Amino acid sequence: MILCIADVLDSPTLTALRNELATDELYVDGRKTAGWHAREVKRNEQADAGSAEVQRWRERVGECIRRHPLFQMAARPARMTPVRFSRYQQGMHYGNHVDDPVMGGEQSVRTDLSFTLFLESPETYDGGELVTDTTAGEQRYKLPAGSMILYPSSTLHRVEPVTRGQRLAAIGWVQSQVRDPGAREILFDLDTARRQLFEREGKSREFDLISKSLANLQRLWIEI
Ligand SMILES: O=C(O)CCC(=O)C(=O)O
Ligand SMILES: [Fe+2]
């Protein structure tokens, strides 16, 4: 399941964050954190370590993502990597690759889900689409600033070359409490359906039975 989540960051937060990330000195070559095969195709910059202020922003953005109700429902996060800020200036890109199955940090994270939170308005740059390359064909994503795409880390994907302006994004990886993507989607669908039912009819007998099933499926499938 691939999900786009709107309004993860509001406009004043985005403006403040873009100001913070406007300094060239913050960035290092993105190849530093790529696995040996991805390094071949990775041409971007990252503000990973940076100043104490950047560090605070990484935590703050991570919290905004973690707290988002739709992210909670879709990802069921057990662990997350620290958020990484990446910048693609004109000519930069990240060719087709698959993300490493385990990411380091203080804690290892099995990468079940990857996310990209777009930080620049799409009109301000050309190119820079995130492209997922699946057996069903390619899908291209270039979302409004503050919106995020959540996709299975098992997907082959790339970032198209930026041909004007710059692409700024916050990216990261999630280990889910529900390892199986099919099971995760069933929980997401049931939770969505019961919330819609509740909005329409309040706390009905049907709502209670779906809630019971949802809770019992979680007992079967959740690993903590
Ligand atoms: O910036 C993006 O949208 C994705 C970046 C990416 O694929 C990665 O860092 O592994
Ligand atoms: Fe990737």
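1. A residue is taken as near a molecule or strand if its C-beta atom, placed from the backbone, lies within 6 Å of it. The model is predicted, and local features need pLDDT of at least 70, side-chain atom pairs count only at pLDDT 80 or more, and totals for chains, interfaces and linings use all residues. Residues are numbered from 1 along each chain as its sequence is written, while chains are lettered from A and ligands numbered from 1 in the order in which they are written.

2. Ser86, Tyr94, Asp99, Thr116, Leu130, His157, Val159, Ala169 and Ile171 surround ligand 1. The shell comprises five nonpolar, three polar and one charged residues (Ala, Val, Leu, Ile, Met, Phe, Trp, Tyr, Cys and Pro count as nonpolar; Asp, Glu, Lys and Arg as charged; the others, Gly among them, as polar). At least two shell residues come from each of strand S15 (156–159) and strand S17 (167–176); strands are DSSP runs of E with at least two residues, helices are runs of H or I with at least four, and both are numbered from the N terminus.

3. Arg167 is found in strand S17, and UniProt lists Arg167 as "binding site" in an unreviewed entry. UniProt positions are given in the numbering used here, feature names are shortened, and annotations may be inferred rather than shown by experiment. Arg167 counts as buried because 29 C-beta neighbours lie inside 10 Å (buried means 20 or more other C-beta atoms within 10 Å of a residue's own, exposed 12 or fewer, partly exposed in between, with C-beta atoms placed from the backbone). Setting aside neighbours within four places in sequence, Arg167 is in contact with Tyr88, Glu120, Tyr125, Gly128 and Val162, contact being C-beta atoms, placed from the backbone, within 7 Å.

4. The unreviewed UniProt entry also lists residues 79–176 as "domain: Fe2OG dioxygenase". Over residues 79–176 the chain is 0% helix and 57% strand, with the end C-alpha atoms 7 Å apart.

5. The domain assignment gives domain 1 (3–176) and domain 2 (181–221), with bounds from an automatic or database assignment. Their centres, taken over C-alpha atoms, are separated by 30 Å. Five residues of domain 1 are in contact with four residues of domain 2. On the side of domain 1 that touches domain 2, three residues are nonpolar, one is polar and one is charged.

6. Helix H5 (residues 181–201) has 21 residues, which at 1.5 Å a residue should span 30 Å; its end C-alpha atoms are 30 Å apart, which agrees. The expected span is 1.5 Å times one less than the number of residues. Gly202 follows H5 and has a positive phi, near 75°.

Conventions: Two residues are in contact if their C-beta atoms, placed from the backbone, lie within 7 Å.
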